[in-house]
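Here's a quick look at a predicted model, one part at a time. Have the viewer open and follow along.

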Amino acid sequence: MNLTPIQLRRRRGVFSMAILSLASLIGFGFLQKNTAPVTFRFVLEKEWVAIHEWTLDSRSGSYGFSAAALLISLWAFFQFRRDKKVHVQSALGGFSLLMAFMCWAASGKMIPFTGLLQGALLLSVPLIFGSMAGVLCERSGVINIAIEGQLLASAFAAGVVASLTKNTTWGLLVAPLAGALISLILATFAIKFSIDQVILGFVINVLVIGMTNFLYKKLLIPYQNTWNSGPILKPIEIPLLSKIPVLGPIFFSQTIIVYLMYAIVLAIHFSLFKTKWGLRTRAIGEHPTAADSVGISVNSLRFKNVIIAGLVAGIGGAYFTVGAVGAFGKEMTAGKGFIALAALIFGRWSPLGAVMAALLFGFADNLQGILSITGTPIPSEFMLMAPYIATIIAVTGFVGRVRAPAADGIPYSRESSH
Amino acid sequence: MSVELRAITKTFGALVANDAISLRVEDGEIHAILGENGAGKSTLMNILYGLLQPDSGEISVDNKSVTINAPSDALAVGIGMVHQHFMLIPVFTVAENIVLGHEKTKSLGTLDLSQARAEIARISKEFNFDVDPDAVVETLPVGIQQRVEVIRALMYNAKVLILDEPTAVLTPQETDELLTVMKRLKSQGTSIIFITHKLREVQAVADRITIIRRGKVVGTALPSATQEELATQMVGRPVVLALNKKHPAPGRSLLAIKDLTVTDNRGVELVKNINLEVRAGEIVAVAGVQGNGQTELARAILNLEPHCRGEIQIDGENILGRSVSDAIHSGVAFVPESRELDGLISSFSISENLILDVFDKEPYGKKLAMFPSVVRSEAEKRIQEFDIRTQSVTDPVSSLSGGNKQKVVLARELSRPVKVVVASQPTRGLDVGSIEFVHERMIAERDAGRGVLLFSTELDEVFALADRIAVMYKGEIIDIVPATISRSDLGLLMAGVKQVKA
Ligand SMILES: Nc1ncnc2c1ncn2[C@@H]1O[C@H](COP(=O)(O)OP(=O)(O)OP(=O)(O)O)[C@@H](O)[C@H]1O
Ligand SMILES: [Mg+2]
């Protein structure tokens, strides 16, 4: 068989999908006793209505969607045989499997379908900003473990400034600066002084957690009214687009932060692969000596990119406070920076890949939340594991071996590289 | 354009890599630099190209003093360089590699590769390079990768071209083509600084020769000098270019390859049904134009090839399909073709690299323990024996010069009691003195009753060492001939022409 790595990956994807479909057919179909109805609700507020809700019995739903997934796997297999892409099939198959799962898990209950997706997007916002910061750093060859610290510091800065000025715009403007400040520390020690970047990242995180905890206790709690009761950004409805059923409320009636996110993701993906800056950035992350030998100043470009990464992470940090709850809470980023790092790797260091991964994590997280409220046959401890199980399945089944930028984490200096 | 280096000095710690070196390259001349491994040639060129800063000294171009702080300065005054270790980004395409640093853009800063593609096509055509601008560099053979570097230097309008050991990785044919290109460039007015260890090439193209030893210029020569004279000046003692070799006394079979077929993961047969035997006390050379399955055959003996059929016996015991460490422990020494990739761990120290395969065996280690003082003292012995030029055995292997890295691999592999030595291009990148030493060493291995399987694209080496020659062509061994065969007959065989014996 003539198989290139891409074909091998496709084949693995197709087979994983078929196996999962079969498992779902048996697990959620055959072994399912329950035939209570499941209701999917599609309407949130004032969209032009197409379908209000859809009710079907749990077992036939699981059967139907599993069978559909199996058929889609077959279709994907034929596509694979004809050496075509299987993106559409993977998306449809994944969706069918999820529906089969939900039919099983929510039997006798109601699933707010649109709300589920909207919440998923919101939960993935900080992950997406964080992973974009990761892309910018690691593609240039600097490991960024400090995403968590960048998110936390900028969440704090945004919350406090918005609260003091009673103005969300100020909060939103200060957040990127806070992110960039953390980046400045990272860049200075990692690039100028060649400190081990993993250790450095951890130290920065510990530092930011300690600082914000201290200020929270000494300042934000005692003087809560002035220091920690910031306003929240209002969602902006995009005319027409926000009225589309299902899609409208999910994508087009969001805060400015989410719209900024769309623009930033597209800009980074486009720039990284299509522009001069992107070519140079990828070059210094792969083979800095080669880049240097054609006249690119490796360390200053690295420095610049790490700072930009801080600005981007900063907007993500602002989402926690001005974008969501207003007030700052102790360690409120709760490890999202690390999940963003996982999304980056899972997305193979590609911006759009990282977004997909972040969305998947966000979705699993939100599904878990909704199912544990409505109640399911699964113990809630297991539901909490769902995002991570999804990751493991996705990585082993679909992503395979990933290759980091070759010079990721290695400081560059001329004398030591000859 | 003429270039002059005046009293360039560069030290690395206590080591003086360049000691007040002065050198003048005239307009339109090919100036060869000869020198032992570690003499300081690459260091000097990296200084001229701005990758290293000298401690003192001056550079002038066309008799005007210039400051070169970075490669961009060198490029700006018209100095281009093809490096000993290629400076290409493996995951980029040829065109991307070539425009890097000199990108043309359209609106929004988007890359415009069309002009580069056209230029690549034009230069490829002019010099008969067969280079596809959209091929990904890591998929290309080294010979083509080097052409990419040459094209790049030409596209930047280099008036002075530095070629640091460009022929070390090339086949004899590719080398001849490169020499032709060099002469052609010279006729167009480009000055060339040419570094090589192969005296034949120097004689063929150089106008003048500067010889460097241990960081100092020790003399100049003209290409009319004989190889012996050049070698003596370079090494500082007479070098025996022709070897003394006793008659072989072959004993029992140590390596027996039976019906070996190697396929790649697309199922294409790279090695087809090969039968070959190496007996104790003989050197069998595998000759052939590069890319006819030699690499895969060598790797298969170490169990490095995943898809193999057949049998490989080491002293009567089949090892094919077992692990790499089984192959090593059954008594195979292996000198891989690319030392950077397969032979060394660059960030490890020299002493660690010298015991990579035996670190857990006595006297270096026992169970979980390793004995650093033994490792160190043994490493120091190896360094003496193989004349590895370094300041300390604890330095990382990446600080060594190209040839000295190769010596580390050889020192490790040839210092173990083994049954069979499999060596691919063992003298690639070595200076003449070191080649002499390695050749003597291989003959000593043979005389000590080991079997040696040598893979070499250098006919000189094949004739100097081999007792029998197996010729590979398109994955098959088309003939096994005694070493008394004439050069021209061997050449024909390598081209796949098999004469009918009368
Ligand atoms: N970055 C470095 N740090 C320490 N020592 C170095 C470094 N670069 C080179 N050296 C030492 O400087 C000396 C000269 O090295 P150089 O690479 O210039 O040799 P060379 O003449 O090019 O040899 P070869 O023919 O083997 O390529 C060597 O002894 C080498 O170990
Ligand atoms: Mg060198």
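## Buried face of a helix

In this predicted model, helix 6 of chain B buries B:Glu174, B:Thr175, B:Leu178, B:Leu179, B:Val181, B:Met182 and B:Leu185. They all sit on the same side of the helix, because they cover an arc of only 160° around the axis, going by the directions from the helix axis to the C-beta atoms. Buried here is under 20% relative accessible area, exposed over 50% and partly exposed in between (1.4 Å probe, protein chains only).

So what covers the buried residues of helix 6 of chain B? The cover includes strands 3, 7 and 8 plus helices 4, 5 and 7 of chain B, with contact meaning heavy atoms within 4.5 Å.

## Length and end

Helix 6 spans residues 172-187 of chain B, 16 residues in total, and reaches 23 Å from first C-alpha to last, close to the expected 22 Å. That expectation is 1.5 Å times one less than the number of residues. Helices (H or I, at least four residues) and strands (E, at least two) are DSSP runs, numbered from the N terminus. After the helix comes B:Gly189, with a positive phi near 100°.

## The magnesium site

The magnesium ion (ligand 2) has B:Ser42 (OG) and B:Gln84 (OE1) as protein donors, 2.0 to 2.2 Å away. The two are 42 residues apart: B:Ser42 is in helix 1, B:Gln84 in the loop between strand 6 and helix 3 of chain B. Donors are N, O and S atoms within 2.8 Å of the metal (3.2 Å for Na, K and Ca); water is not among the atoms, so sites may look incomplete. B:Ser42 is partly exposed at 21% relative accessible area, while B:Gln84 is buried at 17%.

## Ground rules

Residues are numbered from 1 along each chain as its sequence is written, with chains lettered from A and ligands numbered from 1 in the order written. Local features need pLDDT of at least 70 and side-chain atom pairs 80 or more, while totals for chains, interfaces and linings use all residues; side-chain values use heavy atoms, leaving out hydrogens and water.
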